Amino acid sequence: MKKVIHLIALLFVCFCAHAQDKPIAKTYHVAIFSPLYLDSAFNGSIYKYGKSFPKFVQPGLDFVQGAQIALDSLPLPKGTIQANIYDTKAQLQNVAWLVANHTLDSVDLIVGSVKDADLTKLAAFAKQKNIPFVSATSPNDGGVTANPFYIMINATLRAHCESIFSSILQDTSAKKIYLCRKKGGQEDKIADYFKSINDADGKPLLKIETINFEEDFSILKNKLDSNTNSIIIGGSLNEDFGGGLVNAAFDIRETYPLEIIGMPNWDAFEDLRKPKLKDFGIKYTASYYNAKADMYSKKVQLVYSKKYKGTATDMSYKGFEAVYIFSRILAKYPDDFMSHLNEPQFKVFTEYNFKPVNVKNTNVPDYFENKHLYFMKILNGRVVRAW
């Protein structure tokens with residue numbers, strides 16, 4: 001019921017974080033976007049779901065709740081943050097309406113858990129107005145080009161492929177490398193990424209053999225050598241394919257020494273956490289990692305527990321981190337924000353390394369992307385950090 005009450009409060013929401021010990025020098029305006037589905041959850045001012053809480057609202061609300069905790073605890077010796085929270089699923093005052101009606105013209109920073117058309121619209125607006133736009137959760141660049149104000153926390157699929165390739169390149173124990181895939185557009189894209197990364201200097205740095213699967217995963221053992229260490233790259237985002245490949249690798253692991261590396265969405269594959277895969281680790285890359293042992297994590301959980309009577313989710317931590325980091329950068333470097341994205345003094349949970357990306361090979365960065373990725377491992381039903 002606490003969630004329901006808080007959702008009602010979000011119908012009209014505006015938060016300010018003030019520095020109390022010194023005179024206010026300036027007010028910085030931050031716009032926070034998240035899919036709250038308020039119009040779907042309410043009929044006018046009447047909540048539609050009684051005492052229950054719809055699951056589709058949860059991620060967006062958790063992001064906002066984390067952002068609220070950040071706003072309430074920001075150390076701002078040089079001014080104040082005024083933050084407005086916007087529901088990207090609003091039927092009337094949506095992103096397009098806000099831009100067209102100049103509601104966002106005075107904003108100094110945009111932080112969003114957004115995707116698809118909303119991401120593209122906000123990125124275009126940020127470019128037009130020279131406003132930093134932090135995309136906190138989407139791994140998609142949205143087709144954005146020549147936009148030096150667009151910042152991606154969640155790395156693109158290509159960046160994950162680059163990280164996997166780099167780790168394999170440094171692995172002297174690997175003798176055979178296989179890219180395992182099925183037919184499909186996403187699979188073609190992944191294969192193209194690895195090919196372009198491998199051939200960046202004009203000739204392949206690694207010998208990578210591609211294995212194409214249809215339905216029969218037993219062909220895997222016909223490709224491997226029992227006397228040679230093999231690395232298997234799961235080149236698909238499909239859950240059935242990932243589960244089938246891992247099960248096939250698990251069945252032959254005692255005869256064929258192998259290691260399997262999946263794509264960044266494999267952490268959500270239920271089949272990879274089942275007891276039957278005992279002591280068999282499946283690696284994957286991730287943009288976000290939080291051991292929840294630091295003082296910020298403890299603060300978020302404590303406040304969340306007291307205020308919302310529950311346990312903070314990763315979306316809560318991501319909302320907190322994005323607002324806490326970038327609001328402080330804005331307050332300290334309002335005239336040179338983009339030059340200070342990687343300063344260690346602003347770190348909260350996660351290590352970030354934002355670099356300019358030039359997809360179109362122009363003099364202007366297409367966007368800034370976090371290139372610091374973690375290697376994680378699904379092992380015995382749990383996710384642990386591999387390194």
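These legends describe close-up views of a predicted model.

**View 1. The largest nonpolar core.** This core has 55 residues. Ile-32, Ile-81, Phe-320, Phe-326 and Phe-337 touch the most other members. Two or more residues each come from strands β2 (27–34), β5 (80–87) and β6 (109–112). Helices α2 (38–41), α3 (58–73), α10 (295–308) and α11 (314–332) also give two or more. The biggest share is that of α11, with eleven residues.

**View 2. Contacts of Ile-32.** Neighbours within four places in sequence are left aside here. Ile-32 then contacts Phe-63, Ala-67 and Leu-71, along with Ala-83, Asn-84, Ile-85 and Tyr-86. Val-111 and Val-323 complete the list. A second, separate core holds 47 residues, including Leu-272, Phe-280, Ala-286 and Phe-375.

**View 3. The seven-stranded sheet.** The sheet is open, with mixed pairing. Its strand order is β10-β9-β11-β12-β13-β16-β17. β10 (208–212) and β17 (382–385) stand at the edges. Each has a single partner strand, so one side of each lacks a neighbour in the sheet. On average, neighbouring strands are turned by 30° against each other, direction ignored.

**View 4. The β11–β12 pair and the helices on the sheet.** β11 (residues 230–234) and β12 (residues 258–261) pair in the parallel sense over four bridges. Ser-230 stands opposite Leu-258 in β12. Helix α6 (residues 157–169) lies across β9 (176–181), β10, β11, β12, β13 (282–286) and β16 (374–379). Helix α6 runs at about 130° to β13. Helix α9 (residues 239–251) also packs on the sheet. Its contacts are with β9, β11, β12 and β13. The direction of α9 makes about 170° with that of β12.

**View 5. Cys-161 and Cys-180.** The structure holds zero disulfides. Cys-161 is in no disulfide, and its nearest cysteine sulfur, that of Cys-180, is 14 Å away. A disulfide needs the two sulfur atoms within 2.5 Å. Cys-161 is buried, with a relative accessible area of 0%. Cys-180 is likewise in no disulfide. Cys-180 is buried too, with a relative accessible area of 0%.

**View 6. Val-144 in its loop.** Val-144 sits in the loop between β7 (133–135) and β8 (150–152). Is this residue buried or exposed? Val-144 is buried, because its relative accessible area is 10%, under the 20% cut-off. Beyond neighbours within four places in sequence, Val-144 contacts Leu-119, Ala-123, Tyr-150, Asp-366 and Tyr-367. Val-144 and Ala-124 are 20 residues apart in sequence, with a C-alpha to C-alpha distance of 7.9 Å.

Terms used. Residues numbered from 1 in each chain as written. Predicted model: local features only at pLDDT ≥ 70, side-chain atom pairs only at ≥ 80, totals over all residues. Heavy atoms only, no water. Core = buried A, V, L, I, M, F, W, Y, C linked by side-chain atoms within 4.5 Å. Buried < 20%, exposed > 50% of the residue type's maximum accessible area, 1.4 Å probe, protein only. Contact = heavy atoms within 4.5 Å. Pairing = 2+ DSSP bridges. Axes fitted to C-alpha atoms, helices over the stretch in contact; angles between N-to-C directions.
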